[in-house]
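Please read these notes with the model open beside you. They take the strands in turn and then turn to the record.

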Amino acid sequence: MCSLPVPREPLRRVAVTGGTHGNEMSGVYLARHWLQAPAELQRLSFSAVPVLANPAATAACRRYVDHDLNRAFTSSFLNSRPTPDDPYEVTRARELNQLLGPKASGRAFDFVLDLHNTTANMGTCLIAKSSHEVFPMHLCRHLQLQYPELSCQVFLCQRSGEESYNLDSVAKNGLALELGPQPQGVLRADIFSRMRTLVATVLDFIELFNQGTAFPAFEMEAYRPVGVVDFPRTDAGDLAGTVHPQLQDQDFQPLQPGAPIFQMFSGEDLLYDGESTVYPVFINEAAYYEKGIAFVQTEKFTFTVPAMPVLNPAPSPAS
């Protein structure tokens, strides 16, 4: 059951961030476009602010320069004393925290939408922190109803007891769009257009909420991480095999015990030896090779999302 506080005032301060990872090009080019032509982000009751999150990595077309920016929004990074030797992304995280936060404060932005691409076959994936976030869960449901053909899967990335670390966690409410498959450093027109349409629908949903639309309770199905699996490796740490063809591109599909997961370079198959069915995601994600992750194991579960309070219709900021 969801339990975190629900917004009881219109959401006025909204940001759309792209280029958190500098080689995920849909968000990079949307942010660049909106910085020059922001009218697309305006609604009657608010105007979203476009932000290019990681300018240095974007300029180099790299995921990051020194440190993964989307893992840098922890209290230890944000609250530590700055030094000249700090990684670029830690410094940038503090700047974004001042711009969009401060995290966990009443002054933080009402909502941040962070734009990402993946090389994995994740389709249209909606990433929130937990099932306890009422507003993001209603937003996910709205997107699922608006685009049933996209099979928008909800991935809840934060494990129990874990501190949030991603960019959108600096706001009071947040969501990440994870669209793929798209190679790093490549801009695909179909995925670019899909992301642009989804952003517009997210902003439309916020406007509906601000104008007093009722959103009743519902049952939500989502996926949450239960573990990660590394590639098979040699004693020297090199790859000894790769993702099996039967597993490749099967993100969010059930993986049964005994099914092949890796094809060894020596020729044999390595089988999944777990005791229960899991749902792999981020299968063979290029950015996760350095993290020692071939795929993330998730479990599928269902929970109840309560109704949101109905606001009095919001006047426009200028009225």
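1. Start at Thr242: its bridge partner in strand 9 is Gln263. Strand 9 covers residues 260-264 and pairs with strand 8 in the antiparallel sense, over three bridges. Pairing here requires at least two bridges found by DSSP between two strands. Strands are DSSP runs of E with at least two residues, helices are runs of H or I with at least four, and both are numbered from the N terminus.

2. A word on the basis. This is a predicted model, in which local features need pLDDT of at least 70 and side-chain atom pairs count only at pLDDT 80 or more, while totals for chains, interfaces and linings use all residues. Residues are numbered from 1 along each chain as its sequence is written, and side-chain values use heavy atoms, leaving out hydrogens and water.

3. Which order do the strands of the open sheet take? The order is 8-9-10, three strands with antiparallel pairing. Strand 8 (241-243) and strand 10 (269-271) are the edges, each pairing on one side only. Neighbouring strands in this sheet are turned by 30° against each other on average, direction ignored. Axes are lines fitted to C-alpha atoms, for helices over the stretch in contact, and angles run from 0 to 180 degrees between N-to-C directions.

4. Now strand 4, residues 124-128. Five of its five residues are buried, meaning under 20% relative accessible area with a 1.4 Å probe, protein chains only. Side chains in a regular strand alternate between the two faces of the sheet. In strand 4 both faces are covered: one carries Thr124, Leu126 and Ala128, the other Cys125 and Ile127.

5. Strand 4 has two partners to check. Strand 6 (residues 173-179) runs antiparallel to strand 4, joined by four bridges. Thr124 stands opposite Leu179 there. Strand 5 (residues 153-156) pairs with strand 4 in the parallel sense, also over four bridges. Ala128 has Leu156 as its bridge partner in strand 5.

6. Strand 4, helix 5 (residues 134-146) and strand 5 form a right-handed β-α-β unit. Right-handed means that, with the strands pointing away from the viewer, the path from the first strand over the helix to the second runs clockwise.

7. Last, the record. An unreviewed UniProt entry places "domain: AstE/AspA barrel-sandwich hybrid" at residues 219-300. That span is 0% helix and 38% strand, with its end C-alpha atoms 13 Å apart. UniProt also annotates residues 11-206 as "domain: Succinylglutamate desuccinylase/Aspartoacylase catalytic" (unreviewed entry). Residues 11-206 are 34% helix and 16% strand, and their end C-alpha atoms lie 7 Å apart. UniProt annotations may be inferred rather than shown by experiment; feature names are shortened, and positions follow the numbering used here.

Technical notes: Buried < 20%, exposed > 50% of the residue type's maximum accessible area, 1.4 Å probe, protein only.
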